[in-house]
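Please look over the sequence and the structure below before reading on.

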Amino acid sequence: MTRTFFRAALVALAVFAGVSVRAQAQGTELTGAGATFPYPIYSKWFADYATKTGVKINYQSIGSGGGIRQLTEGTVDFGASDAPMSDAEMAKLKVPVIHVPTVLGAVVLTYNVPELSRPLRLTGDVIAGIYQGTVTKWNAAPIAALNPGVKLPSQDIVVVYRSDGSGTTYIFSSYLAAVNAAWKTAPGAGKELQWPVGMGGKGNEGVAGQVKQTPYSIGYVELAFARQNKLPYASVQNAAGTFIEPTIESVTAAASSIAGSLPPATDFRLSIVNAPGAQAYPISSFTFLLVPTHYADAAKGKALVDFVKWAIHDGERAAPALDYAPLPATIVSMLDKRLSTLQLAAK
């Protein structure tokens with residue numbers, strides 16, 4: 001009788017503990033802001049995680065610059081950026097953060113040229129020329145030379161760029177600065193630029209929308225937004241001289257080409273544009289969660305780390321269906337070790 005009662009008590013206690021933990025999780029809410037680049041997959045992750053755990057994560061897709069600004073001001077629990085924070089930006093933070101890469105994506109050149117029936121081929125130099133305003137016609141000689149046999153229209157190129165502070169702009173401009181000396185000098189690389197020509201669109205959504213509704217336009221967006229809007233996108237010549245279509249496989253190849261050379265203590269503030277792999281798509285990038293190392297509310301810190309652990313394992317399975325590449329296993333292993341030593345506590 002006593003033994004039976006003791007077992008029943010243990011079961012009841014375990015059930016009560018499980019309900020208590022679940023109830024505590026259900027009362028936890030996190031707020032974040034930042035990059036539009038990963039918004040499609042983050043939306044799915046946050047919804048799936050809320051269903052699984054009861055933890056609600058409210059995220060504003062306002063661009064990497066806005067996310068870093070709100071994180072610095074302390075108005076959100078975490079930030080998100082496609083561009084690694086600079087030393088100067090890190091110095092302004094009240095609480096140190098770690099960069100956690102979540103998935104990989106591609107920035108693609110998408111265009112609206114009704115006469116074209118097959119993907120364009122472009123090089124970094126030609127893309128730089130278009131955005132510098134020196135290549136102004138769709139049938140200009142530099143474009144025609146890359147696309148023999150393609151009948152290109154004699155139409156002005158309408159350039160579309162990001163009008164907000166953007167990690168997508170950082171990735172795109174970092175690539176151009178890496179492959180084109182004139183671009184490196186001006187306008188250079190950054191989340192916000194002084195654009196020589198063109199018109200702006202807010203967010204990946206805004207640029208994709210502008211291109212979709214403007215004949216003979218070209219813009220740069222995250223691969224998922226081009227696919228969702230049924231827009232074509234160019235194959236781009238990589239560091240090995242091969243024209244590569246942006247795909248899950250070619251983005252993974254870009255990350256894999258550098259994963260083995262990362263030092264164990266890396267802080268992941270790195271770029272993989274123009275990666276050396278023969279099959280690497282050259283405008284590929286990590287996107288990052290910016291995770292503070294201390295919280296006034298320790299429960300929030302634990303909830304965020306638990307979510308990040310879930311994301312880089314279970315969440316990664318959703319990446320390919322949404323046109324993102326999952327992290328290479330070597331990088332997940334490095335992140336596991338880092339997260340296991342992180343002590344998110346009140347301070």
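Predicted model: local features only at pLDDT ≥ 70, side-chain atom pairs only at ≥ 80, totals over all residues.

Residues are numbered from 1 along each chain as its sequence is written, and side-chain values use heavy atoms, with hydrogens and water left out.

The secondary structure of the protein chain comes to 13 helices and 11 strands. Both are DSSP runs numbered from the N terminus: helices are H or I with at least four residues, and strands are E with at least two. Of the 347 residues in the protein chain, 54% are buried. Here buried means under 20% relative accessible area, exposed means over 50%, and partly exposed lies in between (1.4 Å probe, protein chains only). Contacts, meaning heavy atoms within 4.5 Å, can also be sorted by distance along the sequence. Among those in the protein chain between residues at least 6 apart in sequence, 75% join residues at least 24 apart.

Strand 4 (residues 97-112) is mostly covered, with 16 of its 16 residues buried. Two strands count as paired if DSSP finds at least two bridges between them. Strand 4 runs antiparallel to strand 11 (residues 284-292), and nine bridges join the two. In this pairing, P101 stands opposite F288 in strand 11. Strand 4 is also joined by six bridges to strand 8 (residues 217-222), again in an antiparallel arrangement. There T110 stands opposite G219 in strand 8. Strands of a sheet pair through backbone hydrogen bonds, either parallel or antiparallel.

L122 has V236 in strand 9 as its bridge partner.

Helix 5 (residues 124-132) is mostly covered, with seven of its nine residues buried. The buried residues are G124, V126, I127, A128, G129, I130 and Y131. Just after helix 5, G133 takes a positive phi of about 85°.

Another covered position is in a loop. T28 is found between helix 1 (2-26) and strand 1 (29-34), and counts as buried because its relative accessibility is 12%. Leaving aside residues up to four places away in sequence, T28 touches G54, V55, K56 and A303.

The aromatic rings come next. Rings of Phe, Tyr and Trp (its six-membered ring) pair if their centres lie within 6.5 Å; planes under 30 degrees apart count as stacked, over 60 as edge-to-face and the rest as tilted. By this rule there are 22 aromatic pairs. One of them, Y39 with Y59, is stacked, at 6.3 Å centre to centre and 20° between the planes. Y39 lies in helix 2 (residues 39-53) and Y59 in strand 2 (residues 56-61), so the pair ties together parts that are 20 residues apart in sequence. Y39 counts as partly exposed because its relative accessibility is 31%, whereas Y59 is buried, with a relative accessible area of 13%.

The rings of Y42 and F46 have their centres 5.8 Å apart and their planes at 45°, so this pair is tilted. Y42 and F46 are four residues apart in helix 2 and are therefore separated by about one helical turn. Y42 is buried, with a relative accessible area of 0%, and F46 counts as buried at 8%. One aromatic cluster is formed by Y39, Y42, W45, F46, Y49, Y59, F78, F307 and W310.

Which residues lie nearest the centre of the largest pocket? They are G74, V95, P292, H294 and Y295, out of 17 lining residues. The largest pocket has a volume of about 320 Å³.

Key:
1 Å grid on protein atoms, 1.4 Å probe; cavity = no way out; pocket = protein on both sides within 12 Å on 5 of 7 lines; lining within 4 Å. Points joined across faces, edges and corners; volume = space filled by probe spheres on them.
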